[in-house]
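Morning, everyone. Please bring up the model on your screens, and we will walk through it together.

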Amino acid sequence: YAAVQKLTITIEGNGSVSRNPAFDSYPKGSVVTLTATPDAGWKFLGWGGAASGTATSRNIVMDADKTVIARFAAIPVFQVTTSVEGSGSVDPAGGSFADGSTVVFQAKPNAGWVFAGWKCALTGNQNPASLQVTASANVVASFAQLPSITRAPADASVDTGGSVVLSAEASGTGPLSYQWNFNGSPIAGANQ
């Protein structure tokens with residue numbers, strides 16, 4: 001009769017190992033395929049004992065009794081917080097995300113506001129923007145208020161050659177600038 005070799009599998013962490021063919025003992029010289037499958041929230045780190053490497057599938061030649069170790073580790077989870085400067089919102093509004101995951105953030109300005117850019121963990125003004133999570137982070141969406149005239153200049157009548165003082169008020173995210181026009185053309189020096 002052919003000698004049989006015993007295969008023992010030890011699991012460190014949370015996961016499972018399937019064998020193909022699925023036996024505890026094998027004829028000497030048999031090849032057994034082991035496949036490691038991590039549980040949700042875990043990742044496969046690698047093999048130990050009579051096997052090595054980090055590929056999830058591994059062939060073992062049963063030329064002796066063997067013990068194989070499958071090592072799994074919990075995937076770290078990081079907190080990502082969001083905040084806004086100005087008036088608007090961010091979707092998603094932060095949360096817990098697994099290490100290595102990619103989160104797509106969308107800045108949504110309220111009426112009368114525009115998206116001005118990202119700060120902290122994200123930069124630039126691309127919207128939406130992607131963040132690969134590798135640590136806890138803060139994402140800030142900055143919004144600017146659109147300029148608007150809150151008090152328009154009043155009509156005035158003046159004699160030819162006379163002068164008139166016009167004033168107006170505006171609101172919005174600064175710095176604001178202005179240029180006075182006459183009949184659709186800019187007035188020289190009437191700007192800031």
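Start with Cys120, which sits in strand E12. Keep in mind that this is a predicted model. Most residues other than glycine have a negative phi. Is Cys120 buried or exposed? Its relative accessibility is 53%, so Cys120 counts as exposed. The cut-off for that word is over 50%.

Now go to Asn183. You will find Asn183 in the loop between strand E17, residues 179-182, and strand E18, residues 185-191. Asn183 is not a glycine, and its phi is positive too, near 50°. With a relative accessible area of 70%, Asn183 is exposed.

Next, the peptide bonds. Most peptide bonds are trans. Which bond joins Asp91 and Pro92? A cis peptide bond, with omega about -5°. Pro92 belongs to the loop between E9 and strand E10, residues 95-98. Another cis bond links Asn127 to Pro128, and omega there is about 5°. Look for Pro128 in the loop between E12 and E13.

On to a sheet. Three strands make an open sheet in the order E9-E11-E13, and the pairing is antiparallel. Which strands stand at the edges? Strand E9, residues 88-91, and strand E13, residues 129-132. Each has a single partner strand, so one side of each has no neighbour in the sheet. On average, neighbouring strands of this sheet are turned by 25° against each other, direction ignored. Zoom in on E9 and E11. E11 covers residues 102-109, and four bridges join E9 to E11. Those two strands run antiparallel. For a landmark, find Val90, which stands opposite Ala107 in E11.

Now the aromatic rings. How many aromatic pairs are there? The count comes to five. Take Phe115 and Phe143. Their ring centres are 6.0 Å apart, and their planes meet at 65°. Why is the pair called edge-to-face? Planes over 60 degrees apart get that name, so the 65° of this pair makes it edge-to-face. Where do the two residues lie? Phe115 is in strand E12, residues 113-120, and Phe143 is in strand E14, residues 137-145. The pair therefore ties together parts that are 28 residues apart in sequence. Both Phe115 and Phe143 are buried. There is also an aromatic cluster, formed by Phe44, Trp47 and Phe72.

Last stop: the loop between E15 and E16. One is Val158, in the loop between strand E15, residues 148-151, and strand E16, residues 169-171. Val158 has a relative accessible area of 44%, so it is partly exposed. Which residues make the nonpolar surface patch? Val158, Val164 and Leu166 make it, and its area is about 230 Å².

The other residue is Ala152, found in that loop between E15 and E16. Ala152 has 51% relative accessibility, so it counts as exposed.

Technical notes. Residues are numbered from 1 along each chain as its sequence is written. This is a predicted model: local features need pLDDT of at least 70, side-chain atom pairs count only at pLDDT 80 or more; totals for chains, interfaces and linings use all residues. Side-chain values use heavy atoms; hydrogens and water are left out. Patches are made of residues with over 30% relative accessible area and no salt bridge: like charges are joined within 9 Å, nonpolar side chains (Val, Leu, Ile, Met, Phe, Trp, Tyr) within 5 Å. Accessible areas come from the Shrake-Rupley method with a 1.4 Å probe; for residues, only the protein chains shown count as cover. A salt bridge is a side-chain nitrogen of Lys or Arg within 4 Å of a carboxyl oxygen of Asp or Glu. Buried means under 20% relative accessible area, exposed over 50%, partly exposed in between (1.4 Å probe, protein chains only). Two strands pair if DSSP finds at least two bridges between them. Axes are lines fitted to C-alpha atoms, for helices over the stretch in contact, and angles run from 0 to 180 degrees between N-to-C directions. Rings of Phe, Tyr and Trp (its six-membered ring) pair if their centres lie within 6.5 Å; planes under 30 degrees apart count as stacked, over 60 as edge-to-face and the rest as tilted.
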